[in-house]
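Q: I have a structure open and I'd like to go through it piece by piece. Can you help me read it?
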Amino acid sequence: MGLFNIFSVSGNVTDDVAKRMNLDRNVDLTFANTLKLPCRAEYFAAPSTLAALRATLSHAHHKDWPVTLLGGGSNVLLPDQLPGLVVRPALQQWWLTRQQGSVYAHVGAGVNWHDLVMATAERGLWGIENLALIPGCCGAAPVQNIGAYGVELGDTLQAVKVMEFATGATYWLSAKECAFGYRDSAFKGPLANKVVITQLVLRLSRKPTPRLNYGDLAARLPQAPTPLEVAEAVCAIRREKLPDPQVLANAGSFFKNPLVSDQSVAQLLKIYPTMPHFPQGKGQTKLAAGWLIDQCGLKGMRDGAFGVHQHQALVLVHFGGGDRDGLMKTASAIADKVEARFGVRLEPEPRVIKA
């Protein structure tokens, strides 16, 4: 989870204004994205209140700067240079309320997602425990409609508070208005470049509602697990399969699991009867991108500075010394091989940020 939105807003700023607006100049963002792609921001700010965020965006709009909003940097592909202003909202407050038997988590955009999952699980609250160890900030979660182990954010999200770039006005959007889809939302479509997410409201429950049908999750748990036990089991599985971005740079799942027609799947199953496939209804079936890559013999392959992780074919890793152009070249070569064998084109999951 990394990018919120980009708003085309150029000009110069004096050092005095930069100081008053808490803007840092010529900031290295290499370590602000989990793929460790080299990138420098002309200016950078991390407002910690709505007023500071509104003032920062207003200043950028007045100066006609390009503005990029960055979250945890875990789901973005950054260019070498980002002109204008990069803003990372640092709204860190979160709290719980109760209403009609449900518990609602009100969460600032700058809260670390995994920390939130574990904190609610420790309190015995069900709803987001399957989404443990997904890196990034809460504000970026709705953009991508993050999901894992049979659960998506859209299953629990009730509302999102946003701020308009142009006016600084804030308002709420319902889950329906967010138009969630598979790794998709209105924030990638009609709301792109128009709003920044500032707060989420998630509906949680104390009533046991475990969802354990994905992989071997159930086999790792007692008969009546707690939310914390589920979250810890998910963490264990992820750590076994996925590299720690602090140790080996990566952005988690690099390719989306492709959605193909049921007819195409039927033809593929005649050739590959053990192929994992997950019917989605409406004539579509989801395939496992990692399995497709693995069947092409690409698990563990290396292409210069980049490669496919040795234990999880869905993850591309950066060994160091590469840039975004090199990464995209490697990704395209992988997609070409999968398409040549299966007739299915893989699409990157991280968002490509234009300079």
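Q: What share of the 355 residues in the protein is buried?
A: This is a predicted model. In the protein, 52% of the 355 residues are buried.

Q: How many helices and strands does the protein have?
A: There are nine helices and 21 strands. The radius of gyration is 21 Å, close to the 20 Å that the globule rule gives for 355 residues, so the protein is as compact as a globular protein of that length.

Q: What box do the C-alpha atoms fill?
A: Taken along the principal axes, the box is roughly 65 × 55 × 35 Å.

Q: And the surface, how much of it belongs to carbon and sulfur atoms?
A: Carbon and sulfur atoms hold 49% of an accessible surface of about 15,900 Å².

Q: What about charges: how far apart are the mean positions of the positive and negative ones?
A: They are 3 Å apart, with 36 positive and 29 negative charges in the protein.

Q: Next topic. Which residues of helix α3 are buried?
A: They are W113, H114, L116, V117, M118, A119, T120 and A121. That makes eight of the ten residues in α3, which spans residues 113-122, so the helix is largely enclosed by the rest of the structure.

Q: What covers the buried residues of α3?
A: The cover includes the strands β7 (94-99), β8 and β13 (195-204), along with the helices α4 (141-144) and α6 (227-241).

Q: Let's stay with β8. Where does Y104 lie?
A: Y104 is in strand β8, which runs over residues 102-108. Its relative accessibility is 15%, and the cut-off for buried is under 20%, so Y104 counts as buried.

Q: Which residues does Y104 touch, leaving out those up to four places away in sequence?
A: Y104 touches W95, L96, T97, Q99, Q158, V201, L202 and R203.

Q: How far is Y104 from V338?
A: Their C-alpha atoms are separated by 43 Å, and the two residues are 234 residues apart along the chain.

Q: Now K286. Where is it found, and is it buried or exposed?
A: K286 is found in strand β17, residues 284-287. At 15% relative accessibility, K286 counts as buried.

Q: What does K286 touch, again without residues up to four places away in sequence?
A: The contacts of K286 are Y182, N257, P258, L259, H277, F278 and Q280. One of them, N257, is 29 residues away in sequence, while the C-alpha atoms of K286 and N257 are 6.3 Å apart in space.

Q: How many disulfides does a search of the whole structure find?
A: The search finds zero disulfides.

Q: Last topic, backbone angles. What is the phi of D64?
A: D64 has a positive phi of about 60 degrees, although D64 is not a glycine. D64 sits in the loop between α2 (50-63) and β4 (67-70), and it is partly exposed, with a relative accessible area of 45%.

Q: And what is the phi of A179?
A: The phi of A179 is positive, about 50 degrees, and A179 is not a glycine either. A179 is in the loop between α5 (175-178) and β13. A179 is partly exposed, at 45% relative accessible area.

Notes:
Residues numbered from 1 in each chain as written. Predicted model: local features only at pLDDT ≥ 70, side-chain atom pairs only at ≥ 80, totals over all residues. Heavy atoms only, no water. Helix = DSSP H or I, 4+ residues; strand = E, 2+ residues; numbered from the N terminus. Buried < 20%, exposed > 50% of the residue type's maximum accessible area, 1.4 Å probe, protein only. Contact = heavy atoms within 4.5 Å. Rg over C-alpha atoms; globule rule 2.2 N^0.38 Å. Areas by Shrake-Rupley, 256 points an atom, 1.4 Å probe, with all protein chains shown as cover. Lys, Arg positive; Asp, Glu negative; His and termini not counted. Charge placed at Lys NZ, Arg CZ, Asp CG, Glu CD. Disulfide = S-S within 2.5 Å.
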